[in-house]
Amino acid sequence: MTTRGSSTHRPQNSGFSRRSLLRGAAAAAGTAGLAAATGTTAGPAAARAPRRRNGPARNTVAVLGAGIGGLTAAHELAERGFQVTVFDRKELGGKSRTIPLPGTGVDGRAPLPGEHGARGFTSFYHHVHDTMRRIPVPGTGKTVYDNLIPFSVNDPRYPRANNLPDGFPLMFGFYFDPRQALTPEGMQRVLVEVFMKNNLIPLPEAMYMAGRVITYLTSSEERRFGQWEHVSWWDFVGAGTRSAQFQALAATGLTRALVAAKEYVASTRTMGNMMEGFFIALMQELTGGPKVYEVLNGPTNEAWLDPWISLLRNMGVQFHPGHALQGFVVDDDRIGDARIQRPDGSIQVFEADWYVCAMPTDRARRLWSPEIRTLDPALGRMDALHVDWMNGMQMFVNEKLELGAGYNIYLDAPWRLTSYTQRAFWDVDYAAKYGDGSIVDGLTIDIADWDTPGILFGKTAKQCTRAEIYQETWAQMTAALNDDGRIQLKEGIVREWLLDPGITWADGQNHNDEPLLVNTIGSWADRPTAHTRIPNLFLAADYVQTNFDLATMEGADEAGRTAVNALLEAAGSSAPRARLFTRDSIPAFEPLRQLDAARYRTGQPNLFDLG
């Protein structure tokens, strides 16, 4: 075996239909007339740009950060006639980019393609889908959206160790008549059966958990922000006083299955909103709507980012990868210029009319100088935001993998692993296209918990060397996949492996160059809006207060659009605003949410909150 160590809701009638349940409505008017897949502009923006020290006012924008938020902002601005320059300290695409394994492409083949994660999408990702539909795939007559492969909600598998029966999606593990879920009583029956199915949760605990779900789904927005924002998911579901099986499946498993979150610190509002979104998406699927889950049909760069960047370049956007923002210079209470470090280490002074900061949480808050923090104290509150680790490992194998439908969540793995079999979704002759011709499949693995000791070395992932991380990850997966006598992962099939290069080993421990924002309890108040108090500075990253409210590609896309709309307003532009979508809800529960709003204002608990 070669072991290469690289490192607002709308009241509607209570009848159920696909149309009544879903499609996010546009919250910002005026999107008609914008070019879609052609990439043509919708006319120049009105000129009410800020003062410039050198020369006349122009509509130039510096976008700092080329992740999904930055690329979205660049796209929306370019369509409206702005001159956009994008800088990024690394590669274009941010944490969504494909990471090739250097030196593995032989005889004209491409290097082996590494991914940060499974690159999963759900049917309630409205902003990202809208963007994808506007990116043509050259020579095909299709768009990037056509590169998404839907798969059933029943496809993800939950392998368990110690010969326990493999689980199924905890919330949505079987098909049911959606009409049953239009009343609290009916939904309780559905949920109890879900929680008991193959999961060994006793009936009293299943009934309790169903009651907690109904409590959240019937909670008003006032209660969600005023109460549930300040309660962890672990406490909301009462996991501390219940069985280990309940804790593993209903608390821990649910948070890791729905989002990259930790049950002890994740806000119930964030978790509950995601749970609601998945439940609505399932009911859509059951009435002939789109499948809940989608994945790209190839590496992210090939299937999405390369066509997107090509489109933006054709629209006049200029890109400068390898250029790191070192700081802003404040001039007359606004941003005067940005100091950019070039790849050779020299400093470039870049002056624009408008600045869109699309850098991640940990990087952005380092830029807020005392002067900037004085001009906008809200930016200083970002210091309280919590970032955590969720990084990936790739294993490239010389035998075809048969791991269910290709997507696995390892409930008992201490490091909270998920894996994604590339060839299960990519329609490609893998050996002919990638590597040296001997690699036939790739396994993308997410490591979500870097602070719990593993089963092989008894060390956390942060304490393990790169080789130990590989060995421990393999041991945790095989403990779940090979525990019943079947050998689903064979020893010796891994020919190459790659640890996310954002992980570096120094001074006896790992360091992470690309951590992920985690919405902890009460963190909404510490997150800024897209438009700062500095007139020409806007924020377009997943820490911005948005409707979707989660560190995801969807949240970043919405943040980018929100920043653009704020910029258009500040510029006095008559250009159509970027389209924004509302979060979906179950119309039949609207009267109960209105009742709950009244109860919350008078200090009463939710009608179904029995503790």
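## Surface patch

A residue is called partly exposed when its relative accessible area falls between the buried limit of under 20% and the exposed limit of over 50%. At 33% relative accessibility, F457 therefore counts as partly exposed in this predicted model. F457 belongs to the loop that runs between β19 (441-447) and α15 (466-481). Together with I455 and L456, F457 makes a nonpolar surface patch of about 260 Å².

## Overall composition

The protein chain comprises 611 residues, of which 61% count as buried. Its secondary structure consists of 17 helices and 24 strands.

In soluble globular proteins, nonpolar side chains tend to be buried together. In the present model, the largest nonpolar core contains 143 residues; the members that touch the most other members are W304, F328, W368, Y543 and I586. Another core, of 28 residues, lies apart from it, and includes Y410, M477, W497 and I503.

## Largest cavity

Rolling a probe the size of a water molecule over the atoms shows where empty space is left. The largest cavity found in the model has a volume of about 140 Å³. Its lining is formed by 15 residues, and those nearest the centre of the cavity are F124, F548, T582, R583 and D584.

Helix α9 provides the largest share, with four residues.

## Salt bridges

The structure holds 34 salt bridges. One of them joins E76 and R134, whose closest N and O atoms are 3.0 Å apart. Because E76 lies in helix α2 (residues 68-79) and R134 in the loop between α3 and β6 (136-137), the pair ties together parts that are 58 residues apart in sequence. With a relative accessible area of 2%, E76 is buried, and R134 likewise counts as buried at 9% relative accessibility. Both residues also take part in a network of salt bridges that links E76, E79, R80, D130, R134, D557 and R561.

A further salt bridge is formed by the side chains of K90 and E514, with an N to O distance of 3.3 Å. K90 sits in the loop between β2 (83-88) and β3 (98-100), whereas E514 sits in the loop between β22 (509-512) and β23 (516-518); the pair thus links distant parts of the chain, 424 residues apart. The two partners fall into separate accessibility classes: K90 is partly exposed, with a relative accessible area of 22%, while E514 counts as buried at 11% relative accessibility.

E229 and R269 form another salt bridge, in which the closest N and O atoms are 2.8 Å apart. E229 is placed in the loop between α6 (221-226) and α7 (233-236) and R269 in helix α9, so this contact ties together parts that are 40 residues apart in sequence. Both E229 and R269 are buried. Helix α9, in which R269 lies, is also the element that gives four residues to the lining of the largest cavity.

Methods
Residues are numbered from 1 along each chain as its sequence is written. This is a predicted model: local features need pLDDT of at least 70, side-chain atom pairs count only at pLDDT 80 or more; totals for chains, interfaces and linings use all residues. Side-chain values use heavy atoms; hydrogens and water are left out. Patches are made of residues with over 30% relative accessible area and no salt bridge: like charges are joined within 9 Å, nonpolar side chains (Val, Leu, Ile, Met, Phe, Trp, Tyr) within 5 Å. Accessible areas come from the Shrake-Rupley method with a 1.4 Å probe; for residues, only the protein chains shown count as cover. A salt bridge is a side-chain nitrogen of Lys or Arg within 4 Å of a carboxyl oxygen of Asp or Glu. Helices (H or I, at least four residues) and strands (E, at least two) are DSSP runs, numbered from the N terminus. Buried means under 20% relative accessible area, exposed over 50%, partly exposed in between (1.4 Å probe, protein chains only). A nonpolar core is a set of buried Ala, Val, Leu, Ile, Met, Phe, Trp, Tyr and Cys residues joined through side-chain atoms within 4.5 Å. On a 1 Å grid over the protein atoms alone, a cavity is a set of points where a 1.4 Å probe fits but cannot get out, and a pocket is an open set with protein on both sides within 12 Å along at least five of seven lines; lining residues have an atom within 4 Å of a point. Grid points are joined across faces, edges and corners, and a volume is the space filled by probe spheres set on the points.
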